[in-house]
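Good morning, and thank you for making time for this item.

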Amino acid sequence: AESTDETQTSTIDVSDVEFISDGVLTMGCDANYPPFETIAEDGTTPIGYDIDVMTEVANRLGLELNVVNTGWDGIFEGIDVNYDVVCSGVTITEERKESMLFSDSYITNYQTVVVPAGSDLKIESLNDLDGKTIAVQKETTSDIVMSDLKSTNTIDVNIVQNEKVTACFTQLTNGEIDAVVCDSSVADSYVASQSDVYEIAYKDKEEAEVFGIAMGINNTKLQAAINQALADMEADGWLEETRNYWFGD
Ligand code: ARG
């Protein structure tokens, strides 16, 4: 094909990759997860850091991006059925790596405790949530980390599991819980937009959670292509600029 001014000169070759839909990279996400993915005020357009990253990845692979907004519950089961990849603030974990492939990291987060603004709760570790009622999004790493502390009797904590992270923040606003435990970028975004309502009590900087794009366990060619795109985007500053746009620096 002839290259024009708009097209990139070096599109990454994906001719040997099979896609759900030809010429399209289809991504699944839970678009209730600001600032990674939410639906814009028009009620239909998905926006967020993950959407921007995947639009750019698709572009560098010579593909269109199609976003499928599914819930978080069962999201990984849709890989290779309803979408090619899941990009939804997903933490790369050893357990998840048993059933799917991950791209290299495109952002790092930390477990974060959010409390009502002005709260006198002193949290210096997750163990300080002993005796408290907290909310997490069900089957996220926040849920897993807190449930582990409880099941090993490290602390006695009452865990409210919600399908959507947005519900956790509503419960905190309504005084139904003492704290929300969630990813740091989500916590930061809630606090930044409503600093009179929420405040960060603690960020577990000791345990970095690295986020990746998830895909089918056999899709090594797509994994290589996406990793190439991400490496290029890191090298030419695209990722840094986009992270600064969504998360500040
Ligand atoms: N990073 C956490 C995990 O992987 C939470 C991700 C939740 N993402 C979402 N779009 N609801 O478990």
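I shall discuss the nonpolar cores, then the sheet, then one serine, and finally the salt bridges. Please bear in mind that this is a predicted model.

Let me begin with the cores. The largest nonpolar core holds 47 residues, and the members touching the most others are V57, L61, V85, Y106, F169, I226 and L230. Several elements give two or more residues to this core, among them β1 (24-29), α1 (49-60), α4 (165-173) and α6 (220-235).

Five strands make up an open sheet of mixed pairing, ordered β5-β1-β6-β15-β7. Strands β5 (64-69) and β7 (100-102) each have a single partner strand, so one side of each is left without a neighbour in the sheet. β1 and β5 run parallel and are joined by six bridges; V24 has E64 in β5 as its bridge partner.

Next, the serine. S88 sits in the loop between β6 (85-86) and α2 (94-97). Is S88 buried or exposed? Its relative accessibility is 2%, so S88 counts as buried. The S88 side chain reaches the backbone nitrogen of D30 at 2.9 Å. Beyond residues up to four places away in sequence, S88 touches residues including G28, C29, D30, D50, W72 and Y106.

Finally, the salt bridges, of which the whole structure has five. One of them pairs D236 with R60, with the closest N and O atoms 2.9 Å apart. These partners are 176 residues apart: D236 is in the loop between α6 and α7 (238-247), and R60 is in helix α1. R60 is buried at 9% relative accessibility, whereas D236 is partly exposed at 48%.

A further salt bridge joins K203 and D188 at 3.0 Å, N to O. K203 belongs to strand β13 (residues 198-203) and D188 to helix α5, so this pair ties together parts 15 residues apart in sequence. R243 and E234 also form a salt bridge, at 2.9 Å.

Methods: Residues numbered from 1 in each chain as written. Predicted model: local features only at pLDDT ≥ 70, side-chain atom pairs only at ≥ 80, totals over all residues. Heavy atoms only, no water. Core = buried A, V, L, I, M, F, W, Y, C linked by side-chain atoms within 4.5 Å. Buried < 20%, exposed > 50% of the residue type's maximum accessible area, 1.4 Å probe, protein only. Helix = DSSP H or I, 4+ residues; strand = E, 2+ residues; numbered from the N terminus. Pairing = 2+ DSSP bridges. Polar contact = N/O pair within 3.5 Å; in protein donor to acceptor, adjacent residues only side chain to side chain. Contact = heavy atoms within 4.5 Å. Salt bridge = Lys/Arg side-chain N within 4 Å of Asp/Glu carboxyl O.
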